[in-house]
Amino acid sequence: MKVLICDDDPIRGTEVNEHIRVADQAPGELLTGDQLTTALNNLFASIKALKQSRNSGPLQWDFSAYKPIESPFDDVDVLLVDNNLTLLDTQGPPLTAESIAGYLRAFTAARYIVSLNMNPDVDFDLRYLVGDFQTRADLAINARHLENRSLWTGDPEDSTDGFCPWYWPRLHDIASYRTRQIEFVEKHYKDSVLGSLSFDDEAVQMLSRHAQGALAPDASHTIESMHQDKALRDITFREFFLSKSRALPVEEERSQLAAACSGNESVRRIVARIVAADIDLWLRRDVVGPQEPLVDVPHLTGRFPFLMGDRANQVEHWNTAIRTSEPPFGWNHEMHDLVSPTRFEHEHTWLQKACFWWSKLNEDERLNDRLLSSTNQRWADAVFCEDTSRYEPRTGDTPPAEFVAEFEGVWNRRYIKRLEGVNYAPLTRLAL
């Protein structure tokens, strides 16, 4: 695993490495000060050279002979970029990680980009449960979070203070997921996004209006095409790219880039990298975040406690179950056999956790009958806390705090342990 730390201040870059060492991880390589300035200037110069004037008209991209330049950002698994880069001696206004993340994604082979210290006073996102949904990086966290070993392993037991946000990625293997995502987009570039991801009509109908608009702002929300609108389920990865992008927000630039894909493999890889990152965000924020139409193991356990069988009355068994990454996920074997056919087919490409189609589970009469017939059983009175990735007793001296995430749908009420020393925002999301 190759980690590259980018900072305008060499001292601060060294401090980031110290955070990584606290988590018992191998230190990253440093690209700071003048070396970072040179690397970025070379990158920007190569991008600027792609813009050509045609007949004294406005500048346009010309990718006809595009070849990527060698860059220190290439073949990096996790690229850590401090958001404050004002000390760099680059031409133009002061840089931030957010201002360059899109170019790093598009024009380098860095696999996963993390923006550091974008919001230093915020540790946990109570809105969309993705960290910071406005970031152009793949993830926005604070440098001190790198000390938390659970950020690297995904195991709540590896956190020394209990803080392990449910939405954190598992940095140890995130680069391999991104590689598979890019390959998936290249393979299905002209295919339907929802079709390629195995969404059936019921799953499409469960998507919130926010999810629909984020996927295709100009598409009809209906299953079938109506009038001149294109049906949501027919939107291709190519059309998704043309409609919006965090990396390249200018529509004309995306159009010219897409037009050059057919004749240049390097250009196709640019588009695939951009689309993979944006689809990844869409799935995390708009599909898995609301837990509808996909639901993961801890949230499904809370909805169907009978999956635990005769161990459903002890919260410690719930936590053992949700830490298990392999079937039957701590559930009763018979119950798992009922649920397993609904497992998301592309989990090992797009998600780092097992998820199941709630659109199928919700309509399964066998599961609903089990739920009704098991209401007399004694279940642990516990709730899943999104900030610790653990089930906690609902009552006690310091009961979990309820909050309302900014999701459309019936599963937007969630819980946090509300740990001391952790900054949650915005506090207006906390339930009264």
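Two strands are taken to pair if DSSP finds at least two bridges between them. The model described here is predicted.

**The open sheet**

Five strands form an open sheet in the order β2-β1-β5-β8-β10, and their pairing is parallel. At its edges lie β2 (29–32) and β10 (139–141), each of which pairs on one side only. On average, and with direction ignored, neighbouring strands of this sheet are turned by 25° against each other. Strand β1 (residues 3–7) is joined to β2 in the parallel sense over four bridges. Asp7 has Thr32, in β2, as its bridge partner. Across β1 and β2 lies helix α2 (residues 33–48), which runs at about 75° to β2.

**Helices α3 and α11**

Helix α3 (residues 97–107) packs with helix α11 (residues 265–288) at an angle of about 125°, and their axes are 7 Å apart. Because of this angle, α3 is oblique to α11. The residues that make the contact are listed below.

| Helix | Contact residues |
|---|---|
| α3 | Arg105, Ala106, Phe107 |
| α11 | Ile270, Arg273, Ile274, Ala277 |

By class, this contact of α3 with α11 has five nonpolar, no polar and two charged residues.

**Arg285 in helix α11**

Helix α11 also holds Arg285. Its relative accessible area is 11%, which is under 20%, so Arg285 is buried. The side chain of Arg285 makes a polar contact with that of Asp286, at 3.0 Å. When neighbours within four places in sequence are left aside, Arg285 is in contact with Tyr128, Val130, Phe133, His210, Ala214, Pro290 and Phe407.

Methods. Residues numbered from 1 in each chain as written. Predicted model: local features only at pLDDT ≥ 70, side-chain atom pairs only at ≥ 80, totals over all residues. Heavy atoms only, no water. Axes fitted to C-alpha atoms, helices over the stretch in contact; angles between N-to-C directions. Helix = DSSP H or I, 4+ residues; strand = E, 2+ residues; numbered from the N terminus. Parallel < 35°, antiparallel > 145°, perpendicular 65-115°, else oblique. Contact = heavy atoms within 4.5 Å. Nonpolar A, V, L, I, M, F, W, Y, C, P; charged D, E, K, R; others polar. Buried < 20%, exposed > 50% of the residue type's maximum accessible area, 1.4 Å probe, protein only. Polar contact = N/O pair within 3.5 Å; in protein donor to acceptor, adjacent residues only side chain to side chain.
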